[in-house]
Amino acid sequence: GRSKIQSNTDLLRFTSGLNLKAIKSWNYSVQLQCYSQMMNMYNSDAEQTLKSCFLSPSYGSLSIGMNWAKNIKKGNMAVFIGPLTYNCRYVMDDYVLEHGGYIPGGIAEHPNGFYNDFGSKVEVNFNYPITKNISYRTRAFYYSTYHYVQAEWENTFNFQVSKYLSSQLF
């Protein structure tokens with residue numbers, strides 16, 4: 001049987017950027033971001049149907065824009081503005097594709113499980129060390145195609161217990 005304990009969210013995210021100096025704290029930037037989850041997630045109904053699994057769904061975006069980065073007191077802040085962003089989603093698992101609702105229009109419009117669009121993106125990251133062993137990080141993300149909006153706000157506290165052990169409250 002399935003375990004009664006399930007993760008709420010597990011996240012596997014890769015972000016990479018290429019910056020070219022413009023003026024002062026501004027850079028011309030190209031940013032690639034891919035993310036998905038690692039473990040299976042089930043609905044909390046009696047049947048515990050599969051809601052998502054490894055790489056189903058998978059999200060990706062490629063953005064061209066400007067990046068501003070600055071050290072602020074003890075912390076640092078970065079703002080990425082990408083007016084030209086290619087966004088895509090892919091659902092590999094057929095069951096998740098049919099029942100997950102991750103692809104706009106569903107399986108009828110996208111039988112291969114692939115969906116893409118163009119829009120604009122803004123992402124703000126702020127890191128601040130509270131003490132020697134505790135730091136705070138926040139990330140705000142906004143994407144719009146002008147037909148729909150996708151937004152996220154994450155807050156993370158990192159506790160450095162020792163050189164080899166840390167814990168995060170996300």
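Start with how the chain folds back on itself: in this predicted model, 51% of the contacts in the protein chain with a separation of 6 or more come from residues 24 or more positions apart. So what are the pieces that make up this chain, given that helices and strands are DSSP runs? You'll find ten strands and two helices. Walk along the sequence and they turn up as β-β-β-β-β-β-α-α-β-β-β-β, with the two helices sitting between a run of strands on either side.

Now step back and look at the whole thing. Along the principal axes, the C-alpha atoms fill a box of roughly 50 × 40 × 25 Å. The protein chain has 170 residues, and 32% of them count as buried.

Let's zoom in on some rings. A pair of aromatic rings is described by the distance of the centres and the angle of the planes. Searching the whole structure turns up five aromatic pairs. One of them joins Phe-126 and Tyr-128, with 6.3 Å from centre to centre and 15° between the planes. That pair counts as stacked because its planes are under 30 degrees apart.

Are these two residues buried, exposed or partly exposed? Phe-126 has 21% relative accessibility, so it counts as partly exposed; the cut-off for buried is under 20%. Tyr-128, at 32% relative accessibility, is partly exposed too.

Note on methods:
Residues are numbered from 1 along each chain as its sequence is written. This is a predicted model: local features need pLDDT of at least 70, side-chain atom pairs count only at pLDDT 80 or more; totals for chains, interfaces and linings use all residues. Side-chain values use heavy atoms; hydrogens and water are left out. Helices (H or I, at least four residues) and strands (E, at least two) are DSSP runs, numbered from the N terminus. Buried means under 20% relative accessible area, exposed over 50%, partly exposed in between (1.4 Å probe, protein chains only). Contact means heavy atoms within 4.5 Å. Rings of Phe, Tyr and Trp (its six-membered ring) pair if their centres lie within 6.5 Å; planes under 30 degrees apart count as stacked, over 60 as edge-to-face and the rest as tilted.
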